[in-house]
Amino acid sequence: MPIEWNEEDKVFHLYNQKISYLIQIVHGKYPAHLYWGKRIQTLQPTLILPYKGRPFSPMTEPTDSKFSLDTLAQEYPAFGNGDFRSPAYQLRTKDGSTITEFVYDSHEITQGKPRLEGLPSAYVENNQEADTLVITLVDPVLAIGLDLIYTIYHDLDVITRSVSFEHRGSQKVEIHKCMSMSVDFLSSKWDWLQLHGTWARECHIERQPLNHGTQMISSARGASSHQHNPFIALLSKEATEEHGDVYGVSLVYSGNFQASIEVDPYETTRLAMGINPFDFIWLLMPGETFQTPEALMVYSPDGLGGMSRTFHKLLRTRVCRGIYRDRTRPILFNNWEATRFNFSEKKLKQLADAAANLGIELFVLDDGWFGHRDNDKTSLGDWDVNRKKLPHGLKGIAEYIQAKGMQFGLWVEPEMVSPDSELYRLHPDWCLHVPGRKRTLSRNQLVLDLSREDVCDWLIDTFTNVFTKAPISYVKWDMNRNMTEVGSAALPPERQKETAHRYMLGLYRILDTLTERFPEILFESCSGGGGRFDPGMLYYMPQTWTSDDTDAVERLKIQYGTSLVYPALTMGAHVSDVPNQQTGRNTPLQMRLYVAMAANLGFEMKVDQLTKEERVEIQKEIHFYKQIQDLVCFGDLFRLLSPFEGMDTAFMYVAPDKSKAVVFYYKVLATPNPPFYRLKLRGLDPQMKYQINNGGQAFYGDELMKIGITMPLVKSDYFSIIFLIQRLEKESLRF
Ligand code: DGJ
């Protein structure tokens, strides 16, 4: 049983072959954090949990003058009765106080991993894959139970955590803060790393040393956001791509979040993550429970690369679901950058003819097919086809596309409403708003109030109808603004601060219902690109449109940063025209192709206006992509050169059995009179011989990893090259 309880020392040991996580119940009451890291065999807790009385640190236990919550490394700390650091939770009782005292009551260890009611979470396919520990704390005055829920996977170096409150008392309380996890490390010698950005510039990597005090990232936008991905990592000072300790935490949630790291004067580092407590209050009535989202916690002794590979496996196989989970995705064409709103059935057919000719497998009709949506000022909410543009309806165009041998996909933006729409005229109170206040527009639209059951039911019916109108194989679920005037006409005043979280619960219910109702549809989530690229969305929709920025150079950073947490199989990557619509940059077709081929390849260019040479090049590369698609989608990622550190970017995907690999190398700007450069590969079998490209030279794995492949000397900007590396079965073993 990989969760052990040592009754004598009051220590829980969660472990698998590679990692250990230890918790001690100190003084029979307080869950203290002992250790998280490489697997250890046994532990004598008194040796590693020293404490001593410190000036100005309150004496928590009258009988133990050395003991204070203020200096204890804790698992789920409170504020107000001894610990002056940032708490993991805060409740407000009917007398206005926020003092609570949750202490150990009982625990339960079970096989498997329970699903979280109403929320996305990592899962198991059978109970042998993981074990779960629930530590129940109780505040005797309030008669509220607080469950700390931990799961450890056997074959993944992952611990998941969440928290649930169960109200068995009689007075109403308000939850003002409830993080999903909190861990205190007994050291502050760390760097921390985040993925920050904005629209068209998502997931830029920033690594910096920890300082005393609090460092924090968050979203209060009603979405996980372009600005900060719901992910944070602590790295040992010497940690690199492939070496050193890294602790990564990612939240399975698509709404407002907060991740904070606090360093105290005794060099304890408190890392916590959960729903953003700012502007959040949840009323918990007797008999009710509240479940937090789940945090995914990955420890890697093998640097950032090791952390990423664990996240990739976890997200790809135990967060994503559905029939597409283990399948490569169709190569798609999307008409957005080619036509924007300005298309007709004739134009779409022209594009479809050209797309089919290139070898594209899925044709996606983007924004502008419904209502009278000829621009972004109108019609969201009126999900009837625009017969002027599509006289034969969705069915007509879908059948044309199918006859060309492609699948048909459709763009929708269900969560929004345009003030210029029948829906808004009929239901002006169906959007998020605060009575008597203006309704702030963003991209000319308002956000539907998904905290309302009736709005969610309407959306489920409406989109069930849309998705059955035509043979639809793919849906792009877009969301193009963040929330303002967050309030709901359906909630009483004391529940208004629940709106943003209730919205997420409503959205998850809609997605649950629709994805279950349409299991054959491949769903791709999008929020102006990567504005909601998070594990919560991936639970329902196994891929995300990575960014509205399709410029090949910018995409190097965006995709590289995104790959820290998310596997290639979850990333949409398209080839577009030049000059690029976001940057005005001209990059060669090969570079654009090679960047997009590093994830789920798609096209959103004027495919009907390509030259013959361009057509031939695209056909050839699509053919090649088919050969490497399995590797890209299911291989282990090794990042070799970072676009954040220089002009060159390189990474490779290695087949799990090390029989093959594909290496991508890009050089953005040429160097005059350049030195030779050898790219050292990783992840291969050192004893095996590999051939570089079909018919090319063969080298042993150790040669490729220790000496490397010499990159060509080129006199041109935007150089890119791909190497396919295959094990030579016969002459392989050297010894
Ligand atoms: C934002 C998306 O990211 C784009 O790809 C496109 O679908 C537009 N919305 C359409 O309005």
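Is tyrosine 89 buried or exposed? Tyrosine 89 is buried, with a relative accessible area of 3%. Here, buried means under 20% relative accessible area, exposed means over 50%, and partly exposed is what falls in between (1.4 Å probe, protein chains only).

## Before we dig in

This is a predicted model, where local features need pLDDT of at least 70 and side-chain atom pairs count only at pLDDT 80 or more, while totals for chains, interfaces and linings use all residues. Residues are numbered from 1 along each chain as its sequence is written, and side-chain values use heavy atoms, with hydrogens and water left out.

## Rings meeting rings

The structure holds 40 aromatic pairs. Rings of Phe, Tyr and Trp (its six-membered ring) pair if their centres lie within 6.5 Å; planes under 30 degrees apart count as stacked, over 60 as edge-to-face and the rest as tilted. Take tyrosine 89 and phenylalanine 102: their ring centres are 5.6 Å apart and their planes sit at 80 degrees, so this pair is edge-to-face. The two are 13 residues apart, with tyrosine 89 in strand β5 (residues 89-92) and phenylalanine 102 in the loop between β5 and β6 (103-111). Strands, by the way, are DSSP runs (E, at least two residues), and helices are too (H or I, at least four), numbered from the N terminus. Phenylalanine 102 is buried as well, at 6% relative accessible area.

Now for a tilted pair: phenylalanine 651 and tyrosine 666 are 5.9 Å centre to centre, with 40 degrees between the planes. Phenylalanine 651 belongs to strand β32 (residues 648-654) and tyrosine 666 to strand β33 (residues 660-667), so the pair ties together parts 15 residues apart in sequence. Phenylalanine 651 counts as buried at 9% relative accessibility, and tyrosine 666 does at 1%.

There's also an aromatic cluster, whose members include Trp369, Trp411 and Phe523.

## Charges over rings

A charge sits over a ring if NZ of Lys or CZ of Arg is within 6 Å of the ring centre and within 35 degrees of the ring normal. The charged end of arginine 321 does this with tyrosine 539, 3.6 Å from the ring centre. Arginine 555 lies over the face of tryptophan 545, at 4.7 Å from the ring centre.

## Around the ligand

Of the 13 residues around the ligand (a heavy atom within 4 Å), those that come nearest are Asp366, Asp367, Lys476, Asp478 and Asp548. For polar contacts, look for N or O atoms within 3.5 Å of each other; within protein, one must be able to donate a hydrogen and the other to accept it, and residues adjacent in sequence count only if both atoms are side-chain atoms. A side-chain N or O atom of aspartate 367 is 2.7 Å from a ligand oxygen, and one of tryptophan 411 is 3.1 Å from a ligand oxygen.
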